Amino acid sequence: MCDVPALRSDEPPVPYAELIAGIDGIVWEADAKTFQMTYVSPHAERLLGYPAADWLQTDFWPAHLHPDDREAAVAYCLKATAELRVHDFQYRMIAADGRVVWLRDIVTVVAEGGVPKALRGIMIDVTAQRRAEETRAEHIRFLEAMDRVNRAILSAPDLARMNRAVLEVVLEVFEVDRAFLGAPCDPATSHWRCEMECARPEHPGAEHLGVVVATDPEFARLFAALCACDGPVAFDLGSVPPVPARLVASFDVQSVLGMVVRPPLAEPYMFGVHDCEEVRAWTPAQLRLFEAIGRRLTDALGMRLMHERLAASERRFRVLVDHATDAIFLHARDGTVLDVNEQACSSLGRSRESLIGASPREFDLGVEKAVVDRISDRLDAGELLVLDTMHQGPNGECFPVELRIRPFTEAGQRYSVSSARDITERKRAEAELRASHDLLHAVVEGTSDAVFVKDVDGRYLLLNAAGGHLLGRSVASVLGRTDAEIGGRVQLAGSRASEQQVMSTGRECSFEFTVAGDGGERVHSVTTAPYRSAGGEVLGVVGIARDVTDARRLEEQFRQAQKMEAVGRLAGGLAHDFNNLLTVVNGCSELVLMQLAPDAPQRELVREIQCAGERACRLTRQLLAFSRRQLLQPQAVPVNDRLEDLLSLLRRLLGEDVELRLDRAPDVGPAYVDPSQFDQAIVNLAVNARDAMPDGGRITISTSNVEFRAGAAPADLPPGRYVAVTVSDTGIGMDESTRARAFEPFFTTKPPGKGTGLGLAMVYGFVKQSGGHIDLQTKPGRGATFRLWLPRVDQPVLVPRPASDAGSRSRGNETVLLVEDEEAVRSLVRTVLRGSGYRVLEARDGIEGLRVARAHGQKIDLLLTDLVMPHLGGRRLADQLVQERPDLRVLLLSGYADESVAGGAYPLLDKPFSPATLSRRVREVLDDSVPGSAHPLGREPQHATNPRR
C-alpha cells in the first residue's frame with residue numbers, strides 16, 4: 001500500500017486529508033517499539049465508536065483486541081516489525097458498544113539505518129466477509145458431520161454397532177470427552193442405564209465401569225428439563241438445574257449437552273455428551289448440529305428397532321415352528337407340500353427342499369388317492385380333521401402319528417396346515433400303563449400286608465388276598481359289602497365313625513388291634529387315609545394293615561437294652577469310686593498288719609477290716625462286670641469242652657433233686673470270651689435256675705451254631721456268626737415285671753441274706769462286654785430260658801503272657817513322679833513307694849504333674865499316674881512327658897477299664913491293689929528295657945473285642 005507522511009492528530013490538514021477521508025478504512029501511524037498510535041483517521045470513530053483521542057492513549061490497541069486474539073496478534077506484529085516486513089493479518093477488536101469487529105490490518109515498517117522507527121497501516125472491516133466464510137464453513141462442517149453420521153447409520157450391520165459408530169462421530173466432531181445413549185430418560189424411573197457409550201480412555205463412563213445409576217432428585221430434575229424441551233439442553237455447574245453432583249464426583253463432568261430421543265415403539269433415550277475438562281459455551285452452530293444428529297438418530301433408531309423387532313418376530317416364529325415337537329406341513333388345495341418345519345424333515349429323514357412340492361402319499365402310508373379326495377372335500381367345507389395314520393421314517397421304518405389338518409383361505413385360495421404328532425410314546429405308554437396296572441395288582445396281591453379301599457358308604461372296593469385272610473373271608477365275598485354285612489372278626493378301617501372322620505378331615509388315622517390265632521395273639525397296625533379322585537374329591541378311605549408283632553417285640557428288647565445300659569453306667573461309676581476307697585482301706589490294712597507284732601491284739605481287728613475290704617472288692621468286680629468295665633482276657637474257648645468240664649462242679653452245686661442235662665451240638669465252634677468269666681456266667685445261671693425250683697426240677701444246657709444276616713439279628717447285635725448257649729429250667733418262672741428287671745444289679749426276689757441280686761447282672765455285663773447278646777424268655781409256672789449268643793471264631797487267639805513274679809526285686813532307689821487326684825490314694829502310694837526305697841515327687845493333677853516334672857532338673861525314672869483326672873488325664877500327661885523325657889517309664893492306675901480311657905501302649909494297674917502288688921508292678925516297669933511303653937509283663941488285658949468286626 002502507499003506510504004503516508006507522518007502526521008499528528010493536532011496538525012492542520014495535509015494535502016492527503018481528503019484522500020484519507022475517502023478511504024473506507026482506518027489509516028493509522030504508531031511507534032514501532034511501543035505500538036502507541038500517533039495518528040488515526042476519522043473513520044476509526046465511525047467504525048469502532050472510539051474518538052481519535054482515545055486511540056492515541058498508551059496501550060489502546062492491545063487493550064481493545066479480542067482476548068482470544070490478543071497474544072497471537074501482538075506476537076505476530078513484533079516478529080514482523082523486527083524482520084522489517086509488511087504485516088498483513090486479521091484479528092478481532094471489541095467496539096465501544098461491545099460488538100466484535102473483524103479487521104484486516106496491512107502494516108508497513110518505516111526504518112532508519114535498518115532500525116524500525118514507525119508503523120503505518122490501514123485497517124479494513126472484514127466482519128461481513130468473515131461471517132460469510134464462517135457461515136459457509138459451519139455449513140460445510142454441518143454437512144460433513146451429517147454425512148459421517150448418515151454413513152455410520154447406513155453402513156452398520158446392527159443396532160449396537162450403529163449406535164457406537166454414531167457416538168464415535170459425535171465424540172470427534174464436538175471434541176468432548178464422552179458421548180452416550182442412556183435409557184430411560186424419565187424423571188419417574190428408579191434407575192438409569194447407559195446403553196451405549198464412547199469415551200476417551202482417561203474418562204471411562206458408566207457403561208465401561210458397569211454402573212447402573214440410581215435416579216436421585218438431581219437426576220430427576222435433569223430428566224424433567226430434557227423432557228420439557230424439544231431440542232438440546234445444556235447443563236453446567238452453574239445452570240438451573242445444575243449438573244448432578246454424582247456425575248461431577250464419579251465421572252468428573254463439567255458440562256452436559258443432551259436431548260431426548262424418542263424412537264417409536266421404544267422407551268425415550270437421553271442422547272448426550274460430557275465435557276470433563278471445562279465448562280463449555282456451546283455455539284448456536286453446535287446446538288443446531290447436535291439437534292440434527294439427535295433427530296437423525298431418532299429416525300434411525302426407530303427404523304432399526306422396527307426392523308430388528310420384525311426380524312426377531314420372524315425368527316421367533318420360525319424358531320417356534322422349527323422347534324415344535326410336531327411335524328408341520330403347509331399344503332396347497334390338492335395336498336402338495338408348500339413348506340415344512342425342521343421336525344418334519346427330522347422325523348421323515350428328508351431335506352426341506354425334497355419335501356417342498358412332494359405329495360403326502362410319498363411318506364404317508366395310510367393315505368390313498370380316494371382318501372385324499374375325501375379329505376379335500378371335508379377341508380373345503382371348513383372341517384378340522386383328526387385321524388391316526390402311519391408315516392415312513394428315515395430308514396424305511398413306519399411309526400404311528402396323530403394327524404390334525406386345519407384349512408384356511410388366503411387371497412381367495414384354500415390352503416391347509418397339518419401337524420403330525422408321533423404317538424409311538426403314547427402307544428408305548430398305554431402298553432406300559434396296562435403293564436403297570438398288572439404290576440400294581442401283583443404287588444398288592446403279593447404283599448403280606450392287608451390292602452383295602454372303601455367307598456364313602458364303607459363298602460369294600462378293593463381287597464387283596466392278605467386282607468381276605470385277615471378277615472377270614474374270600475375276597476369275592478367281601479367286595480361290595482360293608483363290615484357290618486360281612487360280620488367278620490375284625491374291621492380293617494376301624495369303626496364307621498373313624499372312617500367318616502378320615503374322610504371329613506382329610507387326615508390319616510392309625511390304630512392297632514389284636515387277633516388271636518394258632519400261634520398266639522398277633523398285633524396289627526392299621527393306617528387309613530382318604531381315597532381321592534384325580535381332582536382331589538374324597539371318594540372313600542384306603543388303608544394298609546400290617547402285622548407288627550415281631551417289631552413290637554424288638555422295640556421292647558431295645559428299650560430294655562437302653563435301660564440296662566443306663567444302669568450299667570451308674571454301676572460302673574460307683575465301682576470306680578469304691579475302688580479308690582478300697583485301695584486306701586485294703587492298702588492301709590496291709591501296711592498296719594506289716595507293722596504289728598504277731599501277737600498284737602489288734603491284728604484280729606485289722607484282719608476283719610481286710611476281709612471286709614476283700615469282699616467289697618469282689619462286689620465292685622461284680623458291678624464292673626455288669627457295667628462291662630471289667631478287665632477281660634478273651635481267647636478262643638471250646639464251648640462244648642468247657643461245659644463238659646463244668647458238669648461235676650455244677651452237679652455238686654445244684655444238689656441231687658435237680659436233674660442236669662447237657663445237649664451239645666457236635667460242630668459248635670469256639671467262642672471268643674474270657675474262660676473264667678464264661679464259667680462264672682454258666683454257674684450263676686445254673687444256681688439261679690436251681691433257686692427257681694424249690695421242689696427240684698430239670699436244668700438243660702444246650703449249644704448250637706447261629707449265623708445272623710442283616711435285619712435278622714436281635715436289636716443290638718450286629719450280623720455275623722455266633723455260638724448259642726441256652727440254659728433252661730422247669731422252675732416257677734417270672735411275671736412280666738420281674739422279667740423286665742431281672743438283669744438289674746441288686747434286684748432280687750430272694751429273701752434277705754439269700755442273694756445279692758448281682759448274679760444275673762454279672763452275666764449280662766459279661767455277655768455284652770464280650771460282644772454278644774442275652775435273651776430271657778419266661779412266664780409264670782413255665783420256667784425260664786436264658787439264651788446267650790457269643791462271638792464265634794475259627795482260629796485260636798493268643799493269650800497275653802501272665803505277669804511274672806518280681807519277688808525280691810520289688811524294691812529300688814529310683815525317682816518316681818506320683819500324680820493322683822485322690823488325696824488318700826496318693827498318700828498310701830507315697831508311703832508304699834518310700835517304704836520300698838524310692839524317691840517320690842507328688843502332684844495332685846496332670847497340670848501340676850507337668851509343672852513338677854519340668855521344675856525337677858534331674859532324672860525321673862517312672863511316671864505313676866491315675867488314668868482319669870480333671871484338666872489333664874494320665875495318658876495325655878504321659879504322652880507329653882515321654883516326648884520331653886524319652887527314657888521315662890510309665891505306669892497308669894485306673895479304677896475301671898473303659899475303651900474311652902484305655903491306657904494304649906502304657907501298662908495299666910487296676911484298683912484296688914495291695915502294697916505288695918504295687919511294689920512288684922513298679923519294679924517290673926522300671927526293669928522294662930523299652931522306656932515309655934508297656935512291657936508284656938506289665939500289660940493288663942483290655943475289653944474283649946469281637947474278632948469278626
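Predicted model: local features only at pLDDT ≥ 70, side-chain atom pairs only at ≥ 80, totals over all residues.

User: Is strand S1 mostly covered or mostly uncovered?
Analyst: Strand S1, residues 26-31, is mostly covered, with five of its six residues buried.

User: Which residue in S5 does Val27 stand opposite?
Analyst: Val27 stands opposite Ile122. Strand S5 covers residues 115-125, and its pairing with S1 is antiparallel over six bridges.

User: And how many bridges pair S1 with S2?
Analyst: Three bridges pair S1 with S2 (residues 37-40), again in the antiparallel sense. Here Glu29 stands opposite Tyr39. The hairpin of S1 and S2 has five residues between the strands, and Phe35 in this hairpin takes a positive phi near 60 degrees.

User: Changing topic: what is the strand order in the open sheet of five strands?
Analyst: The order is S13-S12-S16-S15-S14, with antiparallel pairing.

User: Why is one side of S13 and of S14 left without a neighbour in that sheet?
Analyst: Strands S13 (337-340) and S14 (385-392) are at the edges and have a single partner strand each, so one side of each lacks a neighbour in the sheet. On average, neighbouring strands of this sheet are turned by 30 degrees against each other, direction ignored.

User: How many bridges join S15 to S16?
Analyst: Strand S15 (residues 398-410) and strand S16 (residues 413-422) run antiparallel and are joined by 10 bridges.

User: Which strands does helix H15 lie across?
Analyst: Helix H15, residues 424-446, lies across S14, S15 and S16, and runs at about 130 degrees to S15.

Conventions:
Residues numbered from 1 in each chain as written. Heavy atoms only, no water. Buried < 20%, exposed > 50% of the residue type's maximum accessible area, 1.4 Å probe, protein only. Helix = DSSP H or I, 4+ residues; strand = E, 2+ residues; numbered from the N terminus. Pairing = 2+ DSSP bridges. Axes fitted to C-alpha atoms, helices over the stretch in contact; angles between N-to-C directions. Contact = heavy atoms within 4.5 Å.
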